[in-house]
Amino acid sequence: AGIVGENDRAGITFGLLTTAALAPSWQLHLQLGPGDNLFDTTYVGNVVYAHLLAAQFLLATHARLSAGQALPLDNERIDGEAFIVTNDEPAYFWDTSRYAWALYGRIVDPVQVWTMGKNLGYTIGALAELSNKITGRKAKLNRQTVKYACMTRTYSCDKLKMRLGYVPMVSMEEGWKRGGRSFVLNERREEKGGEDKKVQ
């Protein structure tokens, strides 16, 4: 459902940490839905590792074909097959969000979180969309935001593990830390670049 890692400029790492950097405190304390929806995130290095494993297996198959050896059985094949890459560590969406915000230094005490029911969220999202049409201003809350914040999005990488021997090399905890460090470093570089431009 989302790839996490260093130098992410548009994905889930960037989205959650940008929220931590810019959102007012009340917004971080608002939760859409009961918070029982699981969400899969995958560290980018594990995605790369899975691709390298697939390439290795494809080359091995090609070598067997070139040598006139028997090809892999259908249940062992890699070519023409689809695989899902995950960290195999689904976590609750809102716990993941609060963990990412904490990496940025924005600690949210779950006891102080205000939960907005999914139906109420959809209603407010629909009204916000209507307001968008009338005023031309785009609100952050809409029905799509509520849908994605409340849905369970988990996937199985069992086929990948079985056929390619894939095991995630980097845990999600470490992946988030790496992504968080990278985000903060890039933010500092941009601030420094802005200061340099002002001096000129």
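Leaving aside neighbours within four places in sequence, F83 is in contact with R77, I78, K159, L160, R163 and L164, where contact means heavy atoms within 4.5 Å. F83 lies in the loop between α3 and β5 (91–92). Helices (H or I, at least four residues) and strands (E, at least two) are DSSP runs, numbered from the N terminus. F83 is partly exposed, with a relative accessible area of 23%. On this scale, buried means under 20% relative accessible area, exposed over 50%, and partly exposed in between, with a 1.4 Å probe and protein chains only. One of the partners of F83 is R163; the two are 80 residues apart in sequence and 9.7 Å apart in space, C-alpha to C-alpha.

A word on the source. This is a predicted model, in which local features need pLDDT of at least 70 and side-chain atom pairs count only at pLDDT 80 or more, while totals for chains, interfaces and linings use all residues. Residues are numbered from 1 along each chain as its sequence is written, and side-chain values use heavy atoms, with hydrogens and water left out.

I turn now to helix α3. The helix covers residues 44–66, and at 1.5 Å a residue its 23 residues should span 33 Å; the end C-alpha atoms are 33 Å apart, which agrees. The expected span here is 1.5 Å times one less than the number of residues. Which residues of α3 are buried? They are N46, V47, A50, L53, A54 and T61. These buried residues pack against β1 (2–4), β4 (41–43) and α7 (158–164). An α-helix has 3.6 residues a turn, so residues three or four places apart point the same way. After α3 comes G68, whose phi is positive, near 75 degrees.

A50 is buried, with a relative accessible area of 3%. Leaving aside neighbours within four places in sequence, A50 is in contact with V85, L160, L164 and Y166. By comparison, A50 and A100 are 50 residues apart in sequence and 25 Å apart in space, C-alpha to C-alpha.

The next topic is the nonpolar cores. A nonpolar core is a set of buried Ala, Val, Leu, Ile, Met, Phe, Trp, Tyr and Cys residues joined through side-chain atoms within 4.5 Å. In soluble globular proteins, nonpolar side chains tend to be buried together. In this model the largest nonpolar core has 25 residues, and L16, L32, W94, W101 and W176 have the most contacts inside it. At least two residues of this core come from each of α1 (12–22), β2 (30–32), α4 (93–103), α6 (143–150) and α8 (172–199). A second, separate core has eight residues, including A50, I78, L160 and L164.

What does W176 touch, not counting residues up to four places away in sequence? The list is V4, I12, T13, L16, T41, T96, Y99, A100 and L103.

We come to the pockets. On a 1 Å grid over the protein atoms alone, a pocket is an open set of points where a 1.4 Å probe fits, with protein on both sides within 12 Å along at least five of seven lines; lining residues have an atom within 4 Å of a point. Grid points are joined across faces, edges and corners, and a volume is the space filled by probe spheres set on the points.

The largest pocket has a volume of about 1,100 Å³. Its lining has 32 residues, of which T19, Q27, W94, K140 and T145 lie nearest its centre. Helix α1 gives the most to this lining, with six residues. The lining divides into 19 nonpolar, ten polar and three charged residues. In this count Ala, Val, Leu, Ile, Met, Phe, Trp, Tyr, Cys and Pro are nonpolar, Asp, Glu, Lys and Arg are charged, and the others, Gly among them, are polar.

The second largest pocket holds about 190 Å³ of space. Of the 16 residues that line it, R9, F14, F183, E187 and E190 are the closest to its centre. Here α8 gives the most, with six residues. This lining divides into four nonpolar, seven polar and five charged residues.

I close with two backbone angles. Most residues other than glycine have a negative phi, and most peptide bonds are trans. N7, in the loop between β1 and α1, has a positive phi near 60 degrees. At 52% relative accessibility, N7 counts as exposed. D88, in the loop between α3 and β5, also has a positive phi, near 60 degrees. At 38% relative accessibility, D88 counts as partly exposed.
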